[in-house]
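Reader: I have just opened this one and would like to be walked through it slowly. Could we put it on screen before we start?

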Amino acid sequence: MYEANSFLEKGEIVSEPSCLTPGSTTAGVELIGRRALVTGAASGIGWACAERLARAGAAVTIFDLNGDAAREGADEIGDEGKQADLSDYKVLDNLKIEADSVVNNAAIQYIALVEEFPPERFYLILRVMLETPFRIVRKALPGMYEKGWGRVINISSVHGLRPRRSRRPRTP
Ligand SMILES: NC(=O)c1ccc[n+]([C@@H]2O[C@H](COP(=O)([O-])OP(=O)(O)OC[C@H]3O[C@@H](n4cnc5c(N)ncnc54)[C@H](O)[C@@H]3O)[C@@H](O)[C@H]2O)c1
């Protein structure tokens with residue numbers, strides 16, 4: 001397994017959430033009045049995205065398998081965190097998505113050689129990292145069209161473009 005926070009340690013991404021003052025970020029992004037959804041934001045890159053979106057002024061909703069951490073994180077940025085197993089079709093069907101910015105970040109990392117890769121794990125990864133983003137975006141798009149504004153960010157990896165031994169499946 002890789003280190004979940006390996007990106008975060010390399011650069012200035014997360015600053016002190018407790019001092020969060022919504023407004024323009026250093027990148028000049030202002031999202032006051034916008035609603036963002038970040039999946040898998042109880043930790044790692046998703047959390048960094050949620051924190052940065054909140055800092056830019058967006059109302060952020062976090063969905064994560066880990067409900068406690070999702071709620072804890074949301075409390076820090078004054079937003080909403082919910083437990084949701086995004087591999088579950090029933091859960092996905094019942095999700096109400098009103099976000100005009102969607103960050104599809106929830107992910108499962110599993111490293112094995114193809115010949116040893118368990119098929120059921122392969123399908124679960126495809127569902128969470130490919131089908132779930134499709135289903136979420138499908139639900140979010142009508143609201144974005146209505147507002148005439150929307151953003152979809154699908155988090156992948158360099159391995160989505162250039163496969164590496166033992167790091168399959170990956171979605172570009
Ligand atoms: N960390 C890295 O070095 C790195 C490198 C390249 C790409 N990425 C990509 O960045 C994204 C985030 O990676 P990370 O390292 O922050 O991972 P992480 O493991 O810290 O976060 C993934 C989150 O997804 C959640 N999740 C998993 N299955 C879920 C499900 N069924 N329903 C809801 N939530 C679920 C987990 O609970 C977890 O909070 C992934 O898409 C990953 O492929 C990460």
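Reader: Which residues are buried in H4?

Author: In H4, the buried residues are Ile-125, Val-128, Met-129, Thr-132, Pro-133, Ile-136 and Ala-140. A residue is called buried if 20 or more other C-beta atoms lie within 10 Å of its own, exposed if 12 or fewer do, and partly exposed in between, with C-beta atoms placed from the backbone. Please keep in mind that this is a predicted model, in which local features need pLDDT of at least 70 and side-chain atom pairs count only at pLDDT 80 or more, while totals for chains, interfaces and linings use all residues. Residues are numbered from 1 along each chain as its sequence is written.

Reader: And what do the buried residues of H4 pack against?

Author: They pack against strand E1 (35-39), helix H3 (89-94), strand E4 (101-104) and strand E5 (151-154). Helices (H or I, at least four residues) and strands (E, at least two) are DSSP runs, numbered from the N terminus.

Reader: Where does H4 bend?

Author: The bend is at Arg-127 and comes to about 40 degrees, taken as the angle between axes fitted to the seven residues ending there and the seven starting there. Just after H4, Gly-148 has a positive phi of about 70 degrees.

Reader: Stepping back, how many helices and strands does the protein have?

Author: There are five helices and five strands, and along the sequence they follow the pattern β-α-β-α-β-α-β-α-β-α. Of the 172 residues of the protein, 31% count as buried.

Reader: Which residues have the most contacts inside the largest nonpolar core?

Author: Those are Ala-36, Val-38, Ala-50, Leu-53, Val-60 and Ile-62, in a core of 34 residues. Such a core is a set of buried Ala, Val, Leu, Ile, Met, Phe, Trp, Tyr and Cys residues joined through C-beta atoms within 7 Å. The largest share of this core, seven residues, comes from H1. In soluble globular proteins, nonpolar side chains tend to be buried together.

Reader: What is Leu-53 in contact with?

Author: Leaving aside neighbours within four places in sequence, Leu-53 is in contact with Leu-31, Ala-36, Val-38, Ala-58, Val-60 and Ser-101, where contact means that the C-beta atoms, placed from the backbone, lie within 7 Å.

Reader: Changing topic, which residues come nearest the ligand?

Author: Of the 24 residues around the ligand, the nearest are Gly-40, Gly-44, Leu-86, Ala-107 and Ser-157; a residue counts as near if its C-beta atom, placed from the backbone, lies within 6 Å. Helix H1 (residues 44-55) gives the largest share of this shell, three residues.

Technical notes
Contact = placed C-beta atoms within 7 Å.
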